[in-house]
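Welcome, and please keep your viewer open for this short tour. Each stop tells you what to select and what you will find there.

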Amino acid sequence: MRIRKTLWTNDAEPVIVIMVLLLVLGTLNVFSSSFVMATIDYENPYYFLTKHLIMLVVGLAAFVFCRKCNYMRWRYLMPGMVAFIMIALVAVLIVGTEVNGARRWLYAGGVGFQPAEFAKLISLLLMAAYLSSRLKAGKAPSVLNLQAGIILLMAALTELEPDMGTALIIIGVPFLMLIVAGVPMSQLVPLGGIGVAGAIGLIFLQPYRLERIKVMFDPWADAQGKGYQTVQSLSTIGSGGFWGMGLGSGVSKYDYLPEAHTDFAFAIFCQEHGFLGAMLIFFLLAVLLLYCIRIANKANDEFGQMLALGIMLLIMGQGIANVAMVGGLLPVVGVPLPFISYGGSSLIVTMCAMGILLNVCDHSKDNKEEQSESPPRERKKIESKPELHLVK
C-alpha cells in the first residue's frame, strides 16, 4: 500500500497555525506599542495588554463556539442577530459613548462593544444566505433584494456615527461577493456608479474627509497639521530599516505616532521588526488567503462556499485597507489590521469569522471522504454533492 506523507491532514490545521502565529505577534505588538501610553495615562504599563488578553480569551471562546456550531444553523439565527444589531446601531447613536467626536461604543455593566464591528460579519452572512439560495436554484443573483437593503441600512447607521471606513466594509464585502457570484453587468455597472457617486457625496458632506484625501497626495505640505499622522507613520516604517530596531525598542510610540496600538499598530511593528517583519505578516496573510480559497472550493454546498468567500474578503479587505492607510496610499480611516491591531470588538469578530470558516472546512468534501474511509463503526453516510468552483 502506498502511503502519501503530508504536512497537514486537512486544511484546518495550517489555518489554525497561521492564526496562532498572527495572534502571538499581535499580542506582543499590542504590549510593545501601548505600554508607554498605558504608563502615562493609567500608571500601569500592562493596562492595554491586560484588556487585550481578556478580549483574546473571549475571542477564543467565540472561535471554539463558532467552529463547533454547524454553519447551516446561522441561517436560522440570522433574524435574531439582525434585529439585535439594528437596535444596537440605533442605540449607539442615542446613548453611545462619544470618543474623538464619534459615537461608536455601547457600554453595559462596564463592558463595551462596537455594534458596527459585528455588522461586518452579519452583512456577509446575509449576503451568503441570499447568494447561496439563488445559486442553488440556478438563478443569477440580483442587486435588488431584501438582504442588500438590510445591509445598506446597517451601513447608513454606521455612517451616522460617523464611521465611513467601517460603513464601506459593511457594504463593500457583500458587493464583492455579488461580483464573484456573477451578478449581471446590466445591474453591476449602474450599482457601481451609484456607489461611487454616494461615496463622493459622503466625502463632501464631511469637510475633514476631503482634507484627508488632499493631504494623502502630499502629507508633507501640512506635516504638523492634517498630514501629521501619515508623515509620522511613514517615518516610523522607514526608520525600521531591514532588520528593525528590536521588540520594544521603537521610538515612535513615545507620543510621536497617534493611535500607535490601534489603527497604526502595523507601523510600530515595522519599526521594531523591519522589512523582514513586514514580509512575515504579508506572507502569513497570503497563505491564509490561499487556504481560504481552498476551503471555499471544497465547501460542501453553496452556502458554505459563499461564507468562506465572504470571510476571506472581510479579513483580506481590512488587511489591505489598513496597510494602505499606514503606508499613505489611502486616507486615514479607522480600519484595524486583523490579529495585529488592538481592539476588542474587532478581535472577537475576526475570531468568530475564523471559527465559521473552519466549520465550513470541517464539513467539506475532503473531510467527509476521510470519514468514509474510516472503520465501519465510525463511518457516516455522506450525501453526494456536485462540484462547486465559483472561486478559481
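Before the first stop, one definition: two strands count as paired if DSSP finds at least two bridges between them. Please also keep in mind that this is a predicted model.

**Stop 1: the strands.** Select residues 97–99, which are strand 1, and residues 102–108, which are strand 2; they run antiparallel and are joined by three bridges. Now pick out T97: its bridge partner in strand 2 is W105. The two strands form a hairpin with two residues between them, and N100 in that turn has a positive phi of about 55 degrees.

**Stop 2: a surface patch.** Select F242, W243, F275, L276, M279 and F282, which make a nonpolar surface patch of about 620 Å². Zoom in on F242, in the loop between helix 9 (228–239) and helix 10 (265–298). Is F242 buried or partly exposed? F242 counts as partly exposed because its relative accessibility is 41%.

**Stop 3: the cavities.** How many cavities of 30 Å³ or more does a search of the whole structure find? The search finds two. The largest cavity holds about 50 Å³ of space. To see its lining, select R212, V215, M216, K226, T230, L330, P331 and V332. Helix 8 (residues 207–217) gives the largest share of that lining, three residues.

Conventions
Residues are numbered from 1 along each chain as its sequence is written. This is a predicted model: local features need pLDDT of at least 70, side-chain atom pairs count only at pLDDT 80 or more; totals for chains, interfaces and linings use all residues. Side-chain values use heavy atoms; hydrogens and water are left out. Patches are made of residues with over 30% relative accessible area and no salt bridge: like charges are joined within 9 Å, nonpolar side chains (Val, Leu, Ile, Met, Phe, Trp, Tyr) within 5 Å. Accessible areas come from the Shrake-Rupley method with a 1.4 Å probe; for residues, only the protein chains shown count as cover. A salt bridge is a side-chain nitrogen of Lys or Arg within 4 Å of a carboxyl oxygen of Asp or Glu. Helices (H or I, at least four residues) and strands (E, at least two) are DSSP runs, numbered from the N terminus. Buried means under 20% relative accessible area, exposed over 50%, partly exposed in between (1.4 Å probe, protein chains only). On a 1 Å grid over the protein atoms alone, a cavity is a set of points where a 1.4 Å probe fits but cannot get out, and a pocket is an open set with protein on both sides within 12 Å along at least five of seven lines; lining residues have an atom within 4 Å of a point. Grid points are joined across faces, edges and corners, and a volume is the space filled by probe spheres set on the points.
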